[in-house]
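Thanks, everyone. I have one structure to walk you through today. Please bring it up on your screens.

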Amino acid sequence: MRRLLHLFLPLVLLPLLLLPLASPARAAMDYAKQVLIGHDFAGADLRGVTFNLTNLRDADFHGADLRGASLFGAKLQDANLSGTDLREATLDSAVLDGTDLRNAVLENAFAFNTKVTNVRIEGADFTNVPFRGDVLSKLCASASGTNPVTGRQTRDTLDCG
């Protein structure tokens, strides 16, 4: 019996000892088509997360990392996205009404069909973000400030002229 224990114990314990060495698989979370009104995502690591067609009214994302996230068609009315990192995020067809984008970095984000009304964009960086002409006109009308992360002026990143 003792001999069997010596043979099988290492076979059982070895995988348990190696577990901490294995790197966990990082699957992107999917919040698509959910109602997350007023949800607190402040400071969260949300890289690559999907929020497609999600109701995020009054949600708090300030300081969150949303690089590469998809917010296609998301309802972001009165949401706080101040200081967020939205580089390479998808905001196409999202609704930004009363949304706070102050000091956010949106470099290389996709937002061509985004609906924009009464947004706060002081210090936001929109480098290489394509907008429709009417949206660009609205943004340029209130563009001011310098982004604290990239050092770029909001008006310059929108090519307001």
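Cys140 counts as buried because its relative accessibility is 16%; buried means under 20% relative accessible area, exposed over 50%, and partly exposed in between, with a 1.4 Å probe and protein chains only.

Some ground rules. This is a predicted model, where local features need pLDDT of at least 70 and side-chain atom pairs count only at pLDDT 80 or more, while totals for chains, interfaces and linings use all residues. Residues are numbered from 1 along each chain as its sequence is written, and side-chain values use heavy atoms, with hydrogens and water left out.

So what does Cys140 pair with? Its partner is Cys160, in a disulfide with an S to S distance of 2.1 Å; the cut-off for a disulfide is a pair of cysteine sulfur atoms within 2.5 Å. The link is left-handed, with -90 degrees about the S-S bond. The structure holds 1 disulfide.

Now the helix itself. Helices (H or I, at least four residues) and strands (E, at least two) are DSSP runs, numbered from the N terminus. The buried residues of α2 are Val135, Leu139 and Cys140. Down the axis of α2, these buried residues fall within an arc of 130 degrees, so they line one face of the helix. That arc is taken over the directions from the helix axis to the C-beta atoms. On the other side of α2, Gly133 and Ala141 are exposed. What covers the buried residues? The cover includes β2 (115–117) and α3; contact here means heavy atoms within 4.5 Å.

Next, Ser142. It belongs to α2, residues 133–142. Ser142 counts as partly exposed because its relative accessibility is 33%. Leaving out residues up to four places away in sequence, Ser142 touches Val119 and Ile121.

Last, the whole protein. There are 3 helices and 2 strands, in the pattern α-β-β-α-α along the sequence. Buried residues make up 39% of the 161 residues.
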